[in-house]
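Hello,

Here is the structure for you to look through. My notes on what was found in it come after the entry.

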Amino acid sequence: MVRQTPAGAPRRGLSLGELMDILYVDIETYAHLDLPEVGEYKYVEAYDFEILMAGWAINDGPVEVAIGEEAIRAIPGLDDPNVLKVAHNANFERTCFSHFFNLNLPLEYLPADEWEDTMALGASWGYPQSLEAMGKALGVSDKDPVGTRLIRLFSKPQPRTGQRVMPHEKPDDWALFVEYCRQDVVVLRDIHRELLARHGGWHPGEREIWLADRWVNDRGVRIDTALAEAAVEADAEMKANARREAQELTGVDNPGSRNQLLEYFHEKGTGSSRDLTDLKAESVSAALADPAVTGDPRRVLEIRQELSLTTASKYQAALTRVNSDDRLRGSFRYFGAHTGRWSGKGVQLQNLASDSPENDEISERLVMETILGEPRTARQLKQMVRTMFLGPFTVCDYSAIEARVLAWLAGEQWVLDAFAAGRDIYVETASRMFHVPYNEAIALRKKGKVAVLALGYAGGVASMRAMGGEGTDAELKGIVQQWRATNPRIVRFWKQMDVAFRRGNGQVGEHIKVQRTPYGTHQLVLPSGRSINYHNVRIQEAEKFGKIQKVITFDEPRPPYARVQTYGGRLTENVTQAVARDLLASGLVSLINLGMAPVAHVHDEILVEGGDVHSVAAAMGEDPAFAPAWSAGLPLKAEGYNCNRYRKD
């Protein structure tokens with residue numbers, strides 16, 4: 001059997017024209033581990049993991065269900081590298097069959113390029129990702145909802161007894177389970193064919209990006225499990241001490257109870273002239289900012305703030321999902337967002353605390369102290385989460401990527417010129433907004449930065465405040481007007497985007513095209529050739545800014561699948577973030593093809609095991625030789641540093 005190890009670059013992938021057959025497959029499994037909690041890579045390491053059955057069909061053939069190891073091994077094409085295996089959330093089937101065929105897990109897995117994933121393919125075209133919801137969106141056969149009950153019955157231990165239910169104990173339910181597996185293959189095949197009929201397959205280059213995503217998830221990132229265990233223990237001890245102290249100070253039975261603590265504050269008072277009406281994070285922070293709050297009430301509020309931090313959950317999630325070789329796999333969800341950006345699973349690297357130790361020396365000292373049992377506060381543990389990821393790493397990110405992409409899409413040439421010349425865009429913006437020389441605008445850099453970050457997508461005063469803007473509403477409104485006057489092409493881009501999207505066709509700037517499909521989908525075609533897809537677009541009347549207006553709505557592809565509104569500014573944000581995603585995706589593919597080892601990525605940042613900053617930055621597109629051809633004229637800059645443990649530079 002052909003095998004793929006994460007050490008090598010993924011093959012380019014088989015095309016339908018090169019394949020004799022397509023094998024549609026869906027499996028049902030058993031293990032005592034909770035699959036959503038541990039992820040598929042850890043799940044297949046369970047001592048009692050087993051594939052219970054496999055529904056399958058070859059091409060147009062009848063759907064069969066193989067039960068038992070011998071029957072499953074006899075499925076035609078399952079071990080043939082020239083047969084395309086199609087599954088929904090195919091990484092689960094691929095990982096499970098890697099165990100079934102006795103590969104050297106967790107170091108190697110079946111090659112991803114022999115598989116097609118309808119969940120990933122459908123998501124790339126803007127459809128919901130669950131098999132049931134995608135089938136409904138495409139108008140194909142329905143998935144049987146009885147499956148949830150049957151999976152709970154046969155695929156996991158029973159919650160009250162901890163025992164496994166065997167087929168002979170519930171023969172009627174088992175027969176239903178077999179039929180459910182069969183029906184899933186019917187829906188899977190219908191979905192795959194409908195996706196091919198509507199869209200012809202993947203966007204240009206997107207299957208290669210999906211394969212790179214599989215490579216990164218297969219390789220995983222190394223975890224300091226000793227630190228994670230010590231941090232979980234330190235967090236539990238810290239919180240126990242904090243609760244005891246809060247009980248002594250307040251006299252309440254449960255200091256974690258909102259009602260009991262509020263009753264204490266109503267009786268004791270806080271010293272502030274304002275009443276404390278709730279214990280939300282912002283209310284506690286506001287009370288602690290008041291110097292009149294002193295003594296026991298202040299300390300109780302500080303304890304409340306500490307207890308609200310959920311730092312230990314990151315360490316515990318890592319321990320729950322880490323494989324036997326101390327590597328954390330499966331942390332990145334392909335097409336986690338409608339724009340194509342990745343989201344996180346498990347530890348959620350996309351929302352780590354921004355604070356971290358300043359350098360490797362401080363990181364190692366804090367780690368050693370924690371492992372040796374030095375008391376830790378919640379804030380210290382939160383600061384150390386990044387140090388749990390072990391390198392050595394080269395960490396590179398795209399500098400001011402959204403500001404660069406937005407200016408490129410809109411044709412705001414002065415911004416592109418400033419980036420190309422290496423000038424500070426926040427200072428340059430302040431200089432132009434306030435009509436002062438560049439060197440004098442350095443003192444206004446913060447105002448320029450807030451404006452750049454807050455106003456690129458038609459934001460106003462509220463956006464300014466959310467980004468830290470200071471001043472009266474009138475002053476902030478003046479800054480908004482100055483920024484818009486300084487960036488007329490970006491302002492025009494919002495308006496063109498709104499008009500073209502409502503119409504369903506038209507060119508927006510030089511690089512974005514709006515078009516409508518025969519299925520009523522509005523597409524924003526990106527420079528890379530892929531599109532963001534908005535299904536069932538309608539123009540409806542709704543209240544907006546206190547007035548009844550005609551607004552754009554579409555079907556949200558994520559739960560709860562509601563209809564949501566959009567407009568020119570938000571669509572501009574969508575295409576900007578989508579282009580930034582395509583650049584990062586291109587960087588991942590280049591790094592892997594060059595033999596480097598990207599093991600994680602966070603927003604616009606890539607972590608490579610080993611390597612050097614110059615080579616990684618070049619592969620990410622700073623060197624025009626590696627930048628995608630469609631990005632000509634976009635001045636890219638990747639900046640980075642080396643570290644033994646992950647941190648923010």
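In strand E16, Gln 549 is the bridge partner of Ala 542. Strand E15 (residues 538-544) and strand E16 (residues 547-555) run antiparallel, paired over 7 bridges. Strands and helices here are DSSP runs, of at least two residues for strands (E) and at least four for helices (H or I), numbered from the N terminus; two strands count as paired if DSSP finds at least two bridges between them. The hairpin of E15 and E16 has 2 residues between the strands, and Phe 545 there takes a positive phi near 55 degrees.

Before going on: this is a predicted model, in which local features need pLDDT of at least 70, side-chain atom pairs count only at pLDDT 80 or more, and totals for chains, interfaces and linings use all residues. Residues are numbered from 1 along each chain as its sequence is written, and side-chain values use heavy atoms, with hydrogens and water left out.

The open sheet

Five strands form an open sheet in the order E3-E2-E1-E4-E5, and the pairing is mixed. E3 and E5 are the edge strands with a single partner strand each, so one side of each has no neighbour in the sheet. On average, neighbouring strands of this sheet are turned by 30 degrees against each other, direction ignored. Axes for such angles are lines fitted to C-alpha atoms, for helices over the stretch in contact, and angles run from 0 to 180 degrees between N-to-C directions.

Within the sheet, strand E1 (residues 21-30) pairs with strand E4 (residues 83-87) in the parallel sense over 4 bridges. Lys 85 in E4 stands opposite Leu 23. Helix H3 packs on the sheet and touches E1, E2, E4 and E5, with its direction at about 75 degrees to that of E1. Contact means heavy atoms within 4.5 Å.

Helices

Which residues of helix H10 (residues 258-268) are buried? They are Leu 261, Leu 262, Tyr 264 and Phe 265. Down the axis of H10, the buried residues fall within an arc of 155 degrees and so line one face of the helix; the arc is that of the directions from the helix axis to the C-beta atoms. An α-helix has 3.6 residues a turn, so residues three or four places apart point the same way. Asn 259, His 266 and Glu 267, on the other side of H10, are exposed. Buried means under 20% relative accessible area, exposed over 50%, and partly exposed in between (1.4 Å probe, protein chains only). Helix H9 (225-250) and helix H12 (295-308) are among the elements that cover the buried residues of H10. Just after H10 comes Gly 269, with a positive phi of about 80 degrees.

Helix H1 (residues 35-43) packs against helix H13 (residues 311-321) at an angle of about 45 degrees, and their axes are 8 Å apart. H1 and H13 are therefore oblique to each other (under 35 degrees is roughly parallel, over 145 roughly antiparallel, 65 to 115 roughly perpendicular, and the rest oblique). H1 contributes Pro 36, Glu 37, Val 38, Gly 39 and Lys 42 to the contact, and H13 contributes Leu 319, Thr 320 and Arg 321. These residues divide into 3 nonpolar, 2 polar and 3 charged, where Ala, Val, Leu, Ile, Met, Phe, Trp, Tyr, Cys and Pro count as nonpolar, Asp, Glu, Lys and Arg as charged, and the others, Gly among them, as polar.

Backbone points to check

Most residues other than glycine have a negative phi, and most peptide bonds are trans. The bond from Leu 105 to Pro 106 is cis, with omega near 5 degrees; Pro 106 is in the loop between helix H3 (90-100) and strand E5 (115-117). The bond from Gly 391 to Pro 392 is also cis, with omega near 10 degrees, and Pro 392 is in strand E10 (residues 389-398).

Asn 59 is not a glycine but has a positive phi of about 50 degrees. Asn 59 lies in the loop between strand E2 (50-58) and strand E3 (64-67), and its 26% relative accessibility counts as partly exposed. Ala 400, again not a glycine, has a positive phi of about 45 degrees and lies in the loop between E10 and helix H16 (401-410).

Regards
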